[in-house]
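Take a walk through this model with the viewer open.

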Amino acid sequence: MNNQFVFLFDQSQNGKKELLGGKGANLAEMTRIGLPVPYGFTITTAACNAYYDAGQVISKEVESEVVEALHTLEAKTDKRLGDPANPLLVSVRSGAVHSMPGMMDTVLNLGMNDDTVEGMAELTNNPRFAYDSYRRFIQMFSNVVLNVENYFFEQRLEDIREEKGYHSDTELTAEDWKQVITEYKSIVLKHVKRTFPEDPKEQLFLTINAVFDSWNNQRAVLYRRLHDIPGHLGTAVNIQSMVFGNMGDDSGTGVAFTRNPSTGESKLYGEYLINAQGEDVVAGTRTPQPIASLKNEMPDLYQQLVETCDLLENHYKDMQDIEFTVERGKLFILQTRTGKRTAQAAIRIAVEMVNEKIMDQRKALLRVDPDQLDQLLHHRIDPEHKREQLAAGLPASPGAATGQVVFDADEAEELSKGGKKVILVRPETTPDDIQGIVAAQATVTSRGGMTSHAAVVARGMGKACICGCDSIKIHLESKKFIAGSTTVNHGDTITIDGSTGEIFLGEIPMIEPELSEEFQILLRWSDEEAKMGVRANADNPVDAEKALEFGAGGIGLCRTEHMFMDASRIPTVQSMILSETTEERKEALDKLLPMQQEDFKQIFETMQGHPITVRLLDPPLHEFLPDKEELLVEVTNLQLTDPHSSKLHEKQNLLRKVRLLEESNPMLGHRGCRLGMMHPEIYEMQVKAIFNAMANVIDKGINVKPEIMIPLVSHVNELKKMRQLVTTIAEQIQGETGKAFDYLIGTMIETPRAALTADQIAEEADFFSFGTNDLTQTTFGFSRDDAEGKFLQNYVDNEVLKRNPFVSLDQEGVGKLVESGVKLGRETKPALKTGICGEHGGEKESIQFCFDLGMDYVSCSPFRVPSARLAAAQATIRHEQITSIKEPQYN
């Protein structure tokens, strides 16, 4: 076991990403390959976990290793922390294993105090720079470590600017900054009841504590939950010698992406600021210049940056997000990481990198997150619709959205919970606003650039975002913004286009997306690699057509009850349910038969021979009847107002029947195959409709092979009886029409008993489809609606459960039942077709699990089909990679 907690950037035993975090591992790697990286060291994630295990205390071992590494850093730079004559200043940054931009804390310029600031002023011959750096340190340290709100510092700085008639920070002189420093220290004393710490060693260890603490701050925890990052990993801390972009006009700082993170274009993309430090770019307090302008201002340095970016992209074989600083004309690389990108960009980058021979097709498929593809399958603004631009900013994250304007992140979250669609409008966002960005349809900021916090977070979530829209004047206190002569108040509706940066007043129509050529190429590659099919859940011809458009290989679940819910059919359905005798019920069913037959005919015609799994009626009958409470109100009103009316008699009969059908726990009650067992005439009608429709489309030359699914089977005898019903009807209609029918009969495995006795059930089944939604409910003993509404999110937040089991399949519990069902079923019938048809069929980790079990297909909603196709390919590739590692290698 490795007991070392601190590693220098150039140590040969530099460990792994899991130990050093992504940032630390990359700093070590860049140092190794000879890039100009300011020297430093990394405190490992193991030290972070030890810190929490000890009750949020840095151990003596870690403290000792930090001091030793600091001495090495001092020797390497020929500077000393706290030395007034030649001070070492450092940055202290977080560095999680998985990139979490802006979610944890950073402190720059650490080591500054009243003595070292004078030394810096003398050494650089630039007092203004020295005192500007000191005030930045005081503000950042006080906010991150001492928990003093930034607002107090920003407000006082703004007051001083106004008093002196300045328009920007760059106009403040060294004497002005001295005044700011004095006032900042007074703010600290007022709010913390202690003087600002002058001892650099104390500053350092207090900051390390704060960065470790930030691993569990609210925004970091929320970000991890959104991006499925485990909470036990911890964060590393990177201590790095400072370089300064705020030393004058030959200095600057910036962020560069090796390709455009919004479009994927193979062209250097980013922003920079002259005479600034890194937080000025990402905080959005100043609007930076595009990276292309650097070519004119510093051509040699720009060329060096381009070459460095090319080197890093080819080294890591992926698009990189690079932070750099220029100090007096010299380039330094502060960080590189895999860049966050939109779905559109991810696909284009993957395809083009294959064409450029940077990676092969399989690696390219693994580089695109299936969850991202959903971003490309939704609406955009109708270009034909006349619209008048209200304002425009930078197109920070593509997509379009409409919503009511809100100016506060907490309010955005609250209104969203109530079902409102909102757009968050802020001067700039900070990591504390993440819950509002998550809840809002889109985000607009008046300051900041394409690499500001709002832009990076929104792109990662696939949400539309506009930044740097300085033409709007935001008034937070009065909850409004002004664009030209137009005032937009809180609650007004706006539409934004994150692809163009435009803002429009009111709601604008949206149109269907157009999928790029690269998108089609990626999905074609996916189909070439995947060894598991992807079907869609579709209940009507429109959904079936959409499923085919998105590349589904068939329909894995056609829910026939949705056909009953058409408003024109409900009266007939209700008369069937309310029938007092079998004859009356059959009479109503005879009216429904041609309707069902036409439904199936249209779907068969749409699918043109692709497999279709048709589930017979599943929900309890009371779901088709009026709500009992509403009926009670109607009956009571009629008793008071018209006690002798025929309508009252009718409503009383209806209420009586509703009460008769009412169940204590309908999910476990009279539904599924139990309906067919008690009322076989219902299933007979549906099966007749299927085979009559088959006969009709066979005459049109369409080869159709339906898979008839009996729902909620728990005992083999249920399936045996229902199978006999289906085959009897099939033989009857074959005799009437002279057609030969090719069909399968199977069941949905959605109860634990069905999974545990699957070997018996398989004797009567041609296929199994696992209904993982209900199987999850019956395994956990959860009512989904109640669980998700009352306690399930709390379980996830407090890590009682790793994930919501209705979103990602619970592999440890429900998964064992699925595994048992597949294994036992194929012991009876080795060629038994198996798949799943809950929404887990569109979730990437669940798809991997299904592939590893050897399932034939997954089925999901039509819009998730592209994601599932990619996930199926990735599952195939990963499974084969793991298998090849496990297999013995022979020479």
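Start at Gln608, which lies in the loop between helix 22 and strand 26 (612-615). Helices (H or I, at least four residues) and strands (E, at least two) are DSSP runs, numbered from the N terminus. Gln608 is not a glycine, yet has a positive phi of about 50 degrees. Its relative accessibility is 52%, so Gln608 counts as exposed. The cut-offs are under 20% relative accessible area for buried and over 50% for exposed, with partly exposed in between (1.4 Å probe, protein chains only).

The model is predicted: local features need pLDDT of at least 70, side-chain atom pairs count only at pLDDT 80 or more, and totals for chains, interfaces and linings use all residues. Residues are numbered from 1 along each chain as its sequence is written, and side-chain values use heavy atoms, leaving out hydrogens and water.

Lys357 also has a positive phi, about 65 degrees, although it is not a glycine. Find Lys357 in the loop between helix 13 (343-355) and helix 14 (361-366). Lys357 counts as exposed because its relative accessibility is 74%.

Now the aromatic rings. Rings of Phe, Tyr and Trp (its six-membered ring) pair if their centres lie within 6.5 Å; planes under 30 degrees apart count as stacked, over 60 as edge-to-face and the rest as tilted. The count by this rule is 18 aromatic pairs. One of them is Phe9 with Tyr39, edge-to-face, at 6.4 Å centre to centre and 70 degrees between the planes. This pair links distant parts of the chain, 30 residues apart. Phe9 is in the loop between strand 1 (6-8) and helix 1 (17-32), while Tyr39 is in the loop between helix 1 and strand 2 (40-43). Phe9 is buried at 1% relative accessibility. Tyr39 is buried at 10%.

Phe600 and Phe604 are stacked, because their ring centres are 6.3 Å apart and their planes are at 20 degrees. Both lie in helix 22 (residues 582-607), four residues apart, about one turn of the helix. Phe600 and Phe604 are both buried. Elsewhere, ring pairs join Phe780, Phe782, Phe791 and Tyr795 into a cluster.

Which ring does Arg224 lie over? Arg224 lies over the face of Trp215, 3.9 Å from the ring centre. Arg535 has its charged end over the ring of Tyr857, 4.0 Å from the centre. A charge sits over a ring if NZ of Lys or CZ of Arg is within 6 Å of the ring centre and within 35 degrees of the ring normal.

Next, go to Tyr134 in helix 5 (residues 127-144). Tyr134 is buried, with a relative accessible area of 1%. The side chains of Tyr134 and Asp114 make a polar contact of 2.8 Å. Another polar contact, 3.5 Å, runs from the Tyr134 side chain to that of Glu198. A polar contact is a pair of N or O atoms within 3.5 Å; within protein, one must be able to donate a hydrogen and the other to accept it, and residues adjacent in sequence count only if both atoms are side-chain atoms.

Finally, zoom out. The protein chain has 35 helices and 31 strands. Its C-alpha atoms fill a box of roughly 100 × 85 × 55 Å along the principal axes. Of the 891 residues, 54% count as buried.
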